[in-house]
Each structure stands twice: as structure tokens, then as C-alpha cells.
Amino acid sequence: MHSEPVASRSAEHRDSRESRNGSTPHLDAVSLAIIQQLQEDGRRPYAAIGKAVGLSEAAVRQRVQKLLDQGVMQIVAVTDPLTVGFRRQAMVGINVEGDVESIAEALTDMAEVEYVVMTAGSYDILAEIVCEDDDHLLDVINKRIRALPGVRSTESFVYLKLKKQTYMWGTR
């Protein structure tokens, strides 16, 4: 886990490959290099990034703002849930009857749900949940997720230990 800000995928409720205007943004080698610099250290000064990628500080600032505006990345502080009081994490597989998108949208409104993806295969939706403890997890799954109209079944995968979590996939 990282304690400093890093460039990250957009958490907005849209296809992560599309910009805010619905088109796929073009990322040239310089933009990818800027993203990589921010993934290494989200607080790296624009002047240092500019030196590394061959642009002025002002040009880097403009490029970063454009990447943020297009929804290509966010600069956020990523915390270790255990160190901030969230002792239980789980991935929940959800099977749905009817409209999968409405269930996915309802899940995105729950504060405990950190990640929602509609899938093909054994589950219609996978949702990552971060909770304070087992009682909190039970409450979220039993009283909130299973109570959503259209949820047919759930299967929970409780995290015992997190071995790897990175956000470096954005430029490979």
C-alpha cells in the first residue's frame, strides 16, 4: 500500500477507457511519461517532471490538468485500510436477475464499496468492500447488498492478507 498520492484510475461511474466527452483520449509518449512520473511519486514537482520528460514546468502543469480533465487519471492519497481502522476487506460476487447496471449503480453509492465491475462468467458483478470489522461486513452484505431488488445471490471472498496492490498498470 502507498501512503503518498499516486496517479490512479478514475473512480467515476463510466467506462474507464473513455474520456469525459465519450471519446478515447490520445496519450502520446510524453503524456505516458508524465503519468509514470506521477505514479512513482504523486507529489513530484512539475519542474522535476519537466526535466525528466523534456518539457517546461508550465507545459507539464497544462498536460497534467488535461489528463485530469479528461478523466485519464486522478491524483489521490492511497491508504492502507488496516492503518486507518478498516480491518475487513472482501470481494463479493453478485448474481443479478434483471438489470445488472441498476444494481451496479446502487453499489457505487455505498461508501463501503470501493470497486464495482460488471463481469461475464460466474458472477454478474464483482464488488470490493472495505469495512471496519466482520459485523460491519455482515451488515453491508446482508442488509444492504442482498436487500437490493434484483440481487439473486452473493458469494463473499474475505481477504486474509493483501500481498500486492499497485497502480502502475497505466503506462505499460
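Asp134 is partly exposed, with 45% relative accessible area; that label covers values between the limits for buried (under 20%) and exposed (over 50%), using a 1.4 Å probe and protein chains only. Asp134 pairs up with Arg88 in a salt bridge whose closest N and O atoms sit 2.5 Å apart. A salt bridge here is a side-chain nitrogen of Lys or Arg within 4 Å of a carboxyl oxygen of Asp or Glu. Arg88 belongs to strand β3 and Asp134 to helix α5, so this pair ties together parts 46 residues apart in sequence. Arg88, at 19% relative accessible area, is buried. Helices (H or I, at least four residues) and strands (E, at least two) are DSSP runs, numbered from the N terminus.

The model is a predicted one, with local features needing pLDDT of at least 70, side-chain atom pairs counting only at pLDDT 80 or more, and totals for chains, interfaces and linings using all residues. Residues are numbered from 1 along each chain as its sequence is written, and side-chain values use heavy atoms, leaving out hydrogens and water. As for pLDDT (the predictor's confidence in each residue, from 0 to 100), the protein chain averages 85, and 84% of the residues score at least 70. Residues 1-19 fall below 50, and this stretch has 61 contacts beyond near neighbours in sequence, a contact being heavy atoms within 4.5 Å.

Arg63 is in helix α3 and Asp28 in the loop between β1 and α1, so the pair ties together parts that are 35 residues apart in sequence. Another joins Asp139 to Lys143, at 3.9 Å between the closest N and O atoms. Both lie in helix α5, four residues apart, or about one turn of the helix. Lys143 is exposed at 59% relative accessible area, while Asp139 is partly exposed at 29%.

Helix α4 (residues 100-108) has Ile103, Ala104 and Leu107 as its buried residues. They span an arc of only 100° around the axis, which puts them on the same side of α4; the arc is taken from the directions from the helix axis to the C-beta atoms. Their cover includes β3, β4, β5, α5 and β6.

Two of those strands, β4 and β5, run antiparallel and are joined by five bridges; strands pair if DSSP finds at least two bridges between them. Val117 stands opposite Leu126 in β5.
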